[in-house]
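Open the structure in your viewer and keep the selection tool ready. Each stop names what to select and what is there.

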Amino acid sequence: MAMLLRHAHRSCAAAHQTMQVRNLNLHEFQSKALMQKYGINVQRFRTAYTPEEAEKGAVELDVKEYVIKAQVHAGGRGKGSFSSGLQGGVKLTTDLSQIKQWASQMLGHRLTTKQTPPDGVFVNKLMVAEALDISQEKYFAILLDRDSNGPVMVASPEGGVDIEEVAAKFPELIFKEPIDIFKGAKEQMRKLYHMFHEIDATQVEINPLAETPDGQVVCFDAKINFDENAAFRQKEIFDMRDTAEEDPRDVEADSYGLNYIGMDGNIACLVNGAGLAMATMDIIKLHGGEPANFLDCGGGVTEEMVTNAFKLLAGDKQVEAILVNIFGGIVNCATIASGLVNACQTVQLNLPLIVRLEGTNVEKARDILEKSGLPILTASDLDDAASKAVAAAQSKKL
């Protein structure tokens, strides 16, 4: 039983980590709108982009008590602080006139929480919702679990708090149950499971799933992750993507069809294949350097993709050297070489460029690079390439 509960903890943690890297990230108001569509109980709410819209939304709701929430892709909003001086990104009030004032201190300002960068994130939207009294709070999630080869339900009587902390301190309070995909969940969870299945979710996390004093069960907050492989059939959902809080480098790479993750180093990497990309970053670190990115151009790389990749890498101000490491199995090294030459000329590259090519048509590729007349440093193997890249980056600092 203890192992089962630890699996539940790992599954929850993995789902959070995945959301930060590869999954579509929805705002709270977007998740609640999806749940409404599937008949799941949520608080009544309005979305606002100006203080006036916030006030108007509150008037339309016409409730006894309001909650106003900054909409950002980060947790810890309630304890966060704004650049305007306002403390807390979640506010409760029974005074309708307070809504516009708080909205003006949230919108157009930066919110800093334990999960944001040090300078915070810009807030350009908020949610005004009906505040409800809660008699009981629970945690409930449906997520994909590899160990169970399918979806599982994870639940806890300790809702409204950090579930990872509960799992670490009180594992006996975390319960996990695999779902029979042919029968679905039990009746009270059927609507959530139906939504999970229909929208190609990898996780639907409700925290808290709460009961009001009058016996109504309401989803007060939700985090939904999606399988990006299903983007083609979930276009309406994926069109909700808000790139305002994402790394601009990631957004640009996505527009080029490149698998890219920005990092904090100064040696940019252009590699084909995720495994080779990881090995390239490792050997850069081994030689005392720091990779600026993970960039896998894949097996179907074209000259245009190479040019776009160089635009991205050359436009990154922290980059001081570029290392190209290509193993040509499916990829034709000559195609890469031609792309590199064209890319250097197109973007007028003024950074040290180190190239290691091996595999299909490599001799022709080396001939193309040599005849280009460009100051390209070629490497005999990956160790040589990493050594030259680190040295080039260090010399550029001097």
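Select helix 3 and helix 4: helix 3 passes helix 4 in a right-handed crossing. This is a predicted model. Helix 3 covers residues 51–61, and helix 4 covers residues 96–106. Their axes come within 8 Å and cross at roughly 150 degrees. Angles over 145 degrees count as roughly antiparallel, so that is how helix 3 lies relative to helix 4.

Now show the side chains where the two helices meet. On helix 3, pick Pro-51, Glu-52, Ala-54, Glu-55, Ala-58 and Val-59. On helix 4, pick Leu-96, Ile-99, Lys-100, Ala-103 and Ser-104. Colour them by type: seven are nonpolar, one is polar and three are charged.

**Next stop: strand 2**

Select residues 66–70, which form strand 2. Are its residues buried or exposed? Five of the five are buried, so strand 2 is largely enclosed by the rest of the structure. Check both faces. Tyr-66, Ile-68 and Ala-70 lie on one side, Val-67 and Lys-69 on the other, and all are buried.

Centre on Ile-68. Opposite it in strand 4 stands Lys-91. Opposite it in strand 7 stands Val-128.

Zoom in on strand 3 and strand 5, residues 110–112. Two bridges pair them in the antiparallel sense. Find Phe-82, then look across to Leu-111 in strand 5, which stands opposite.

**Last stop: Ser-31**

Select helix 2, residues 28–37, and pick out Ser-31 within it. What is the relative accessible area of Ser-31? The value is 0%, so Ser-31 counts as buried. Now show what Ser-31 touches: Leu-26, Ala-222 and Ile-224, leaving aside residues up to four places away in sequence.

Terms used
Residues are numbered from 1 along each chain as its sequence is written. This is a predicted model: local features need pLDDT of at least 70, side-chain atom pairs count only at pLDDT 80 or more; totals for chains, interfaces and linings use all residues. Side-chain values use heavy atoms; hydrogens and water are left out. Axes are lines fitted to C-alpha atoms, for helices over the stretch in contact, and angles run from 0 to 180 degrees between N-to-C directions. Helices (H or I, at least four residues) and strands (E, at least two) are DSSP runs, numbered from the N terminus. Angles under 35 degrees count as roughly parallel, over 145 as roughly antiparallel, 65 to 115 as roughly perpendicular and the rest as oblique. A crossing is left-handed if the near helix is turned anticlockwise from the far one by less than a right angle, and right-handed if clockwise. Contact means heavy atoms within 4.5 Å. Ala, Val, Leu, Ile, Met, Phe, Trp, Tyr, Cys and Pro count as nonpolar, Asp, Glu, Lys and Arg as charged, and the others, Gly among them, as polar. Two strands pair if DSSP finds at least two bridges between them. Buried means under 20% relative accessible area, exposed over 50%, partly exposed in between (1.4 Å probe, protein chains only).
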